[in-house]
Amino acid sequence: TVCDAIEYGLIMPSLFAYIHEVSGDSYGPAQVQQLFGAALSVFSATSFACKPLFGYAADHTRYSYVYLFSMSVAIIGNLLYAYAATAQSMWMVLAGRALSGIGCANSSLSFSHVSRTVPERSRTAVMTMLGMSFPIGLLLGPALNAFTAAVDMEVLGVRVNANNAPGLLIALVLFVLLVLVLALLKEPPPYNAHEHAPPPEGWLATVRAVGAEALRPAVFKCVYCIFLFNLYITTIEALVVPVTQHTFDFKPLQNSFVYLCTAVEVILFSMGVMAFSKRASDSGLVALACAVAVLSLLFAVRYWTYDMALWRFIVGEALCVAAIPFAFAPNRSRFSKLTRTSRLQGLLQSLMSSVASVGSIVGPLYLSATLGAPTAHGPIGRGTFVGLALLSGTLLTWELCALVCCRSAPRRRLAAAAADTSVAVPTAAHEPRGEVAAAAQPEQQQPLPLAAAEPSDGVPQPSSVGGTHSSVTV
């Protein structure tokens, strides 16, 4: 995940200039802009398409094999991208970005690997660490750009400059990472019949099994959550530059500092999530994220205008970003707990990543449809913020209702069990004697078949009795 973020931070700043260099005088400004969009789109499209395939493969073979294939493809893609300037071929640029997108599709495997290897009590903290890796990579990307910007040499007949050096550097980083993965990666324990459902046979059975999981209300809530918050963050991210340029006349360097501060904020709040993940439930953390999101959006509706003071922008942006760490890792963690009996952990986690990609695609489109034209003193994107607040409020209501039901269900279950097993206390005149009393006594002392601990987040809690696996779902 860190490598994916570094690639994003390295390739993006130089991609447009590299297309100019490769195309030369063959294309006009409009065609260069179209090629730039195509290079971005082909990367996202191949990554989106291959995520479920890699997830399915990880469920049926070794993780190291999937990483070996995907990372090898990514290395070839980056080398092809770097060589495109020498060959003066735009097709190599596009093919290189497409192969790199295929390689980056393995990012979702880390979540399924954690689901199968990390105990549930520690899973939220570990997934938060995975979430922290992306902003850390975003910080490392610009730092490495300072190195690649000074490169100007020839290697094995290939001219290397500031535009194609990022491709070579990413290929080198991927090669080193691949060696480390093959040497150090521990395969998860195999699925077993005691803890997991029987494996689906064939594609049709797999599709039905995935559909059955996704249509469970608690699981569907996780899917809706990851879509909503990816829509939320990409909308806020895309809104920053138009607002700062029009309102404060920020230049690209100043906007880069805005994104730098947001990355640092995400890292700091993620550390807070790691600290509290063992004390608070996953659903409680997600509900907190929804509440912060609604509060930040209402703040933006009230205080964000095109003539606002800088402090209003800073407070609103900080509130919007603060919700993110409380949503992503806890939601991923509870999804893994809800689907833990499935033998399709890789496929399910990959499909979650695909849903996240859809949210990231819809976000900028939603912003362009609702933002409207800037004015001298008018509000900024009021329709944008109100729509996001309604979506976040819907999820918040759903989370709170689920939490209330989860807390009250064990009490209702205890009361019902007590009522079913209650025996009327006989009076002294009618007290049973002899064999009747002896037969009645064991029934009164029979323990209630209830879990000792209250389940959290509506997730099945396993209990082993005599070597058999059983669970209670709230």
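**Salt bridges and burial in the predicted model**

Arg-216 is partly exposed, at 27% relative accessible area; partly exposed means anything between buried (under 20%) and exposed (over 50%), worked out with a 1.4 Å probe and protein chains only. Its partner is Glu-213, and the two form a salt bridge whose closest N and O atoms sit 2.7 Å apart. The term salt bridge is used here for a side-chain nitrogen of Lys or Arg within 4 Å of a carboxyl oxygen of Asp or Glu. Glu-213, with 12% relative accessibility, counts as buried.

A quick word on the ground rules: this is a predicted model, where local features need pLDDT of at least 70 and side-chain atom pairs count only at pLDDT 80 or more, while totals for chains, interfaces and linings use all residues. Residues are numbered from 1 along each chain as its sequence is written, and side-chain values use heavy atoms, with hydrogens and water left out.

Stepping back to the whole protein, there are 16 helices and four strands. Both kinds of element are DSSP runs numbered from the N terminus, with helices (H or I) needing at least four residues and strands (E) at least two. Of the 474 residues, 46% are buried.

Another one of them joins the side chains of Asp-282 and Lys-337, at 2.8 Å from N to O. Asp-282 belongs to helix α11 (residues 282-303) and Lys-337 to helix α13 (residues 325-338), so this pair ties together parts that are 55 residues apart in sequence. Both ends are tucked away: Asp-282 is buried at 2% relative accessible area, and Lys-337 is buried at 10%.

Helix α13 turns up again in the next pair. The side chains of Arg-334 and Glu-399 meet in a salt bridge of 2.5 Å, N to O. Arg-334 lies in helix α13 and Glu-399 in helix α15 (residues 382-421), which links distant parts of the chain, 65 residues apart. Arg-334 is buried, with a relative accessible area of 2%, and Glu-399 is buried too, at 0%.
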